[in-house]
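Here are my notes for you to read alongside the model. Keep the viewer open as you go through the points.

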Amino acid sequence: MAGNDVWIASKYITNPGGDRGKSCIPTLKTRSSDGNETLAATNEEKSALLAHTLFPPPPATSSVPDTYQYPEPVEEWTEITLDQLTAAVNKLSPYKAPGPDGIANIVFQRCRQLSNYLLPLFNAAVKLCTHYDPWRESVTVILRKPGKPDYSVPKAYRPIALLNTTAKLLSSIVTDRASYILEAHNLLPATHFGGRPGRTMEDSLHLLESTIRNAWRQGKVVSALFLDIEGAFPNAVTKCLIHNLRKKRLPREIIDYVEEMLKNRRTKL
């Protein structure tokens, strides 16, 4: 036993036992705008309430201007290479839980010949702007947020999405390409830290501390505003996302792929 196995074993031993096979979600309750309390006792009622809480509907009106003049992309899209596909396969966590297709990541790592079939499929999907419909399906696992005082409240839970492995592999390649283009052409502000290679939470904290201390040295008063963006990923508005990608001058193939991938998505709680 080595590495993380020791800590996992310790966690199992020290935590109290229980029947993990039974549902851990009690009767949920919520309050309407008029103050009336509603209870969700059945699986169907709980699912509807959790879906409403975790995946609210998009805004009725769009904030994207209709007449916006987008700049030209900074570079042209080039086909995915076998080296890029191999690198994406090597980065996969081998035993992560799969999505509805049931294909584990280890399959792609042990069966390297699959890359010869995936490569033309992936290039065709991006070039033709198409997305295999079953790839739009996912499973959403509802987990308790640790340390919450009341688990009858829907917001005491968080969603974990289990995506189809093949689609996730293609998405990771497109994401890496987009990240490279953004960094190579300096398309992101210097103060942007999230989701960027080589930039960590510690870096952002050092910048914050340095900015505050420099202001203090000049005799200034510092005010900081912290925003807690709740459910940013499942609640992203597709039209706004595409608008921002086009403003950042990414290749049209990347933008079209993202837009097609996000159409008609569905999940099962």
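1. Strands (E, at least two residues) and helices (H or I, at least four) are DSSP runs, numbered from the N terminus.

2. A word on the source: this is a predicted model, where local features need pLDDT of at least 70, side-chain atom pairs count only at pLDDT 80 or more, and totals for chains, interfaces and linings use all residues. Residues are numbered from 1 along each chain as its sequence is written, and side-chain values use heavy atoms, with hydrogens and water left out.

3. Now the open sheet: its three strands come in the order β4-β3-β5, with mixed pairing. β4 (157-163) and β5 (266-268) are the edge strands, each pairing on one side only. β3 (residues 137-144) and β4 run antiparallel, joined by seven bridges; in β4, Leu 162 is the bridge partner of Val 139.

4. Which residues of helix α8 are buried? In α8 (residues 238-247) they are Ile 242, His 243 and Leu 245, where buried means under 20% relative accessible area (1.4 Å probe, protein chains only). Seen down the helix axis, they fall within an arc of 165° (taken from the directions from the axis to the C-beta atoms), so they line one face of α8. Their cover includes α9 (252-261).

5. Stay with helix α9, which holds Glu 260. Glu 260 counts as buried because its relative accessibility is 16%. Leaving out residues up to four places away in sequence, Glu 260 touches Cys 129, Thr 130, His 131 and Arg 136; contact means heavy atoms within 4.5 Å.

Terms used. Buried < 20%, exposed > 50% of the residue type's maximum accessible area, 1.4 Å probe, protein only. Pairing = 2+ DSSP bridges.
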